[in-house]
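Hello,

Here is the structure I promised to pass on. Please have a look at it first, and then read my notes below.

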Amino acid sequence: MKIYVILSFHEDGMDNVYVGTDEEKALSFTPADFESCDALFVEIWEDGEKIDDYRLETE
């Protein structure tokens with residue numbers, strides 16, 4: 001099973017803003033969904049190992 005971790009980066013650091021298995025929901029987030037978000041990144045985990053990571057498109 002894949003787990004999607006969405007990271008919100010901002011001036012003061014970063015926050016995990018979503019962790020779950022719903023790919024459609026995870027990939028639908030935009031920086032506008034979160035206060036003071038400069039960039040969103042997704043990490044994809046499977047069987048306890050990170051298999052991919054990339055920046056989500058901005059609006």
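**What I found**

Serine 8 sits in strand 1; strands (E, at least two residues) and helices (H or I, at least four) are DSSP runs, numbered from the N terminus. Before going further, please keep in mind that this is a predicted model, in which local features need pLDDT of at least 70 and side-chain atom pairs count only at pLDDT 80 or more, while totals for chains, interfaces and linings use all residues. Residues are numbered from 1 along each chain as its sequence is written, and side-chain values use heavy atoms, with hydrogens and water left out.

Back to serine 8: its relative accessibility is 2%, so it counts as buried (buried means under 20% relative accessible area, exposed over 50%, partly exposed in between, with a 1.4 Å probe and protein chains only). Beyond its neighbours within four places in sequence, serine 8 is in contact (heavy atoms within 4.5 Å) with several residues, including Asp15, Phe34 and Cys37.

Now the overall picture. The protein has 1 helix and 4 strands, and their order along the sequence is β-β-α-β-β. The radius of gyration is 11 Å, close to the 10 Å that the globule rule gives for 59 residues, so the protein is as compact as a globular protein of that length (the radius is taken over C-alpha atoms, and the rule is 2.2 Å times the number of residues to the power 0.38). Along the principal axes, the C-alpha trace spans about 30 × 20 × 15 Å. Of the 59 residues, 31% are buried.

Strand 3 and strand 4 (residues 49-55) run antiparallel and are joined by 6 bridges; two strands pair if DSSP finds at least two bridges between them. They form a hairpin with 2 residues between them, and aspartate 47 in the turn has a positive phi of about 55°. Phenylalanine 41 has arginine 55 in strand 4 as its bridge partner.

What about the aromatic rings? The whole structure holds 3 aromatic pairs (rings of Phe, Tyr and Trp, the last by its six-membered ring, pair if their centres lie within 6.5 Å; planes under 30 degrees apart count as stacked, over 60 as edge-to-face and the rest as tilted). The ring centres of phenylalanine 9 and phenylalanine 41 are 5.2 Å apart with planes at 75°, so this pair is edge-to-face. It links strand 1 (residues 2-10) to strand 3 (residues 39-46), with the two residues 32 apart. Phenylalanine 9 is partly exposed at 29% relative accessible area, and phenylalanine 41 is partly exposed at 30%.

Phenylalanine 29 and phenylalanine 34 have ring centres 5.4 Å apart and planes at 50°, so they are tilted. Phenylalanine 29 is buried at 15%, as is phenylalanine 34 at 18%. Together with Tyr18, they form one aromatic cluster.

Tyr18, Phe29 and Phe34 are also among the 11 residues of the largest nonpolar core, a core being a set of buried Ala, Val, Leu, Ile, Met, Phe, Trp, Tyr and Cys residues joined through side-chain atoms within 4.5 Å. Strand 1 and strand 3 each supply at least two residues of this core, and strand 3 gives the most, with 3 residues.

Best wishes
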